[in-house]
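Me: I am new to this structure and would like to get to know it through a few questions. Could you walk me through it, step by step?

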Amino acid sequence: MTPRRMSHPALPPLAALAAGGAGAAYLWRTNPHEGGRLLPRCPFNWATGLDCPACGGTRMTYDMLHGDLAAAFQDNAYLLLLGVPLVLWVGGRWLYEGLRGRRYRPRFGRRGSAALLGSAVAWAVLRNALG
């Protein structure tokens, strides 16, 4: 059998869910608000000194895991209000379709892609302009 035939459509979303769970378990005990932790630095921030649209996402996730939504909002409001619901919707749909034996590939179209990219760029410009 070819590897493609052996792969059930539910395996990729289940693997992503397991990897996310492992990451969350590590992050639960690793406070990114404190220095000296084994956490990756944003390559865009490292190269430019500017915040990308996802900067603060690790701190936001840590705060969400610990039930502090106000701090999560302060870390990255864009990801909290738009990114988290989008990931939950797309990831949930991916898992649902996989468990039903179907492959899922989200299609955002030109307008959806432009809206997502435009809002991310606008957020990056706004947060860097405001400091």
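Predicted model: local features only at pLDDT ≥ 70, side-chain atom pairs only at ≥ 80, totals over all residues.

Me: Where is Asn-31 found, and which backbone nitrogen does its side chain reach?
Reply: Asn-31 sits in the loop between α2 and α3 (43-48). Leaving aside neighbours within four places in sequence, Asn-31 is in contact with Arg-37 and Tyr-62. Its side chain also comes to 2.8 Å from a backbone nitrogen, the one that belongs to His-33.

Me: Let's turn to Asp-75: is Asp-75 buried or exposed?
Reply: Asp-75 lies in helix α5 (residues 69-75). The cut-off for a buried residue is under 20% relative accessible area. Asp-75 has 12%, so the label for Asp-75 is buried.

Me: Which residues does Asp-75 touch, not counting residues up to four places away in sequence?
Reply: One of them is Arg-59, which is found in helix α4.

Me: How does Arg-59 count by its relative accessibility?
Reply: Not counting residues up to four places away in sequence, Arg-59 touches Pro-32, His-33 and Asp-75. Arg-59 has 33% relative accessibility, so Arg-59 counts as partly exposed.

Me: How many Å apart in space are Arg-59 and Val-90, C-alpha to C-alpha?
Reply: In sequence, Arg-59 and Val-90 are 31 residues apart. In space, the C-alpha to C-alpha distance between Arg-59 and Val-90 is 22 Å.

Me: Now for the pockets: which element gives the most to the lining of the largest pocket?
Reply: The largest pocket holds about 610 Å³ of space. Of its 20 lining residues, Gly-20, Thr-61, Val-84, Val-87 and Leu-88 are the closest to the centre. The elements giving two or more residues to this lining are α2 (11-28), α4 (57-65) and α6 (77-99). With 9 residues, the one that gives the most is α6.

Me: How many charged residues does the lining of the largest pocket have?
Reply: Sorted by class, this lining of the largest pocket includes 13 nonpolar and 7 polar residues. The number of charged residues there is none: "no charged residues".

Me: How many charged residues are in the lining of the second largest pocket?
Reply: The second largest pocket has about 370 Å³ of space. Its lining has 19 residues, and Pro-40, Arg-41, Cys-42, Thr-58 and Arg-59 lie nearest the centre. α4 gives the most to this lining, with 3 residues. By class, the lining divides into 7 nonpolar and 6 polar residues, and the charged ones number 6.

Me: Last one: how many residues apart in sequence are the parts that the pair of Tyr-78 and Trp-123 ties together?
Reply: The structure holds 1 aromatic pair, and Tyr-78 and Trp-123 form it, stacked at 6.2 Å centre to centre with 15° between the planes. Both Tyr-78 and Trp-123 are buried. Tyr-78 lies in helix α6 and Trp-123 in helix α7 (residues 109-130), so the separation of the parts tied together is 45 residues.

Methods:
Residues numbered from 1 in each chain as written. Heavy atoms only, no water. 1 Å grid on protein atoms, 1.4 Å probe; cavity = no way out; pocket = protein on both sides within 12 Å on 5 of 7 lines; lining within 4 Å. Points joined across faces, edges and corners; volume = space filled by probe spheres on them. Helix = DSSP H or I, 4+ residues; strand = E, 2+ residues; numbered from the N terminus. Nonpolar A, V, L, I, M, F, W, Y, C, P; charged D, E, K, R; others polar. Phe/Tyr/Trp six-rings, centres within 6.5 Å; stacked < 30°, edge-to-face > 60°. Buried < 20%, exposed > 50% of the residue type's maximum accessible area, 1.4 Å probe, protein only. Contact = heavy atoms within 4.5 Å. Polar contact = N/O pair within 3.5 Å; in protein donor to acceptor, adjacent residues only side chain to side chain.
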